[in-house]
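Visitor: Please take one part and look at it closely, from its layout down to single side chains. Plain terms are enough.

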Amino acid sequence: MPLHLVATWASAQLFAPPSGGMGGICATQQGATTPRGGKSIEEWWLLSAAECETRCGLTLDCTAYEFAEFTGGKRGYRRCNLYKTPVTHSIPTPGFKCLIKIAGGRSTPMGGAAPTPVTHSIPT
């Protein structure tokens, strides 16, 4: 019986800035909801920007992420928002970064389809 290898795209996501640029707050269409009526934003604290991007890349229904660093006093805080509804644009805001997932996942900003996993058979 041959073995089947399936290449997944979770670790090879591409991200791009929405209309309005990367430096800002992510914005969605008013009234946007998830397909099952769940939360449209998942919030994580204390992740780095790289960890935020990786989490979005590995989350199937993540369409974009917003990363922010808040500094003040002796402490700094980092917040990561994962969006589960399409982000339509960004609102320029210092200290914020918004990027849309353009490969894989449930949705792509340019209306393109997610890549199809590649399957190879290996004779045994």
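Guide: Two strands pair if DSSP finds at least two bridges between them. Strands (E, at least two residues) and helices (H or I, at least four) are DSSP runs numbered from the N terminus. This is a predicted model, in which local features need pLDDT of at least 70 and side-chain atom pairs count only at pLDDT 80 or more, while totals for chains, interfaces and linings use all residues. Residues are numbered from 1 along each chain as its sequence is written, and side-chain values use heavy atoms, with hydrogens and water left out.

The part to look at is the sheet. Its setting is a protein chain with 1 helix and 9 strands, and from the N terminus on these elements follow the pattern β-β-β-β-α-β-β-β-β-β.

The sheet is open and has 5 strands in the order 2-8-5-6-4, with antiparallel pairing. Strand 2 (15-16) and strand 4 (41-45) are the edge strands, so called because each pairs on one side only.

Strand 5 pairs with strand 8 in the antiparallel sense over 5 bridges. Look for F67, which stands opposite K97 in strand 8.

From strand 5, go on to strand 6. These strands also run antiparallel, and 9 bridges join them. Here T71 has G76 of strand 6 opposite it.

In a regular strand the side chains alternate between the two faces of the sheet. Helix 1 (residues 49-58) lies across strand 2, strand 4, strand 5 (64-72), strand 6 (75-83) and strand 8 (contact: heavy atoms within 4.5 Å). The helix runs at about 160° to strand 5 (axes are lines fitted to C-alpha atoms, for helices over the stretch in contact; angles run from 0 to 180 degrees between N-to-C directions).

Now the charged side chains. The structure holds 3 salt bridges (a side-chain nitrogen of Lys or Arg within 4 Å of a carboxyl oxygen of Asp or Glu). One of them connects R79 and E66, with N and O 2.5 Å apart. R79 is in strand 6 and E66 in strand 5, so this pair links distant parts of the chain, 13 residues apart. E66 is buried because its relative accessible area is 2% (buried is under 20%, exposed over 50%, partly exposed in between; 1.4 Å probe, protein chains only). R79 counts as buried too, at 13% relative accessibility.

K84 takes part in a salt bridge with E42, at 2.8 Å from N to O. Distant parts of the chain are again linked, 42 residues apart: K84 is in the loop between strand 6 and strand 7 (87-92), and E42 is in strand 4. K84 also forms a salt bridge with D61, the closest N and O atoms being 3.9 Å apart. D61 is in the loop between helix 1 and strand 5, 23 residues from K84.

Together, E42, D61 and K84 are linked in a network of salt bridges. Because its relative accessible area is 14%, K84 counts as buried. E42, at 23% relative accessibility, is partly exposed, and D61 is partly exposed at 24%. For the protein chain as a whole, buried residues make up 31% of the 124 residues.
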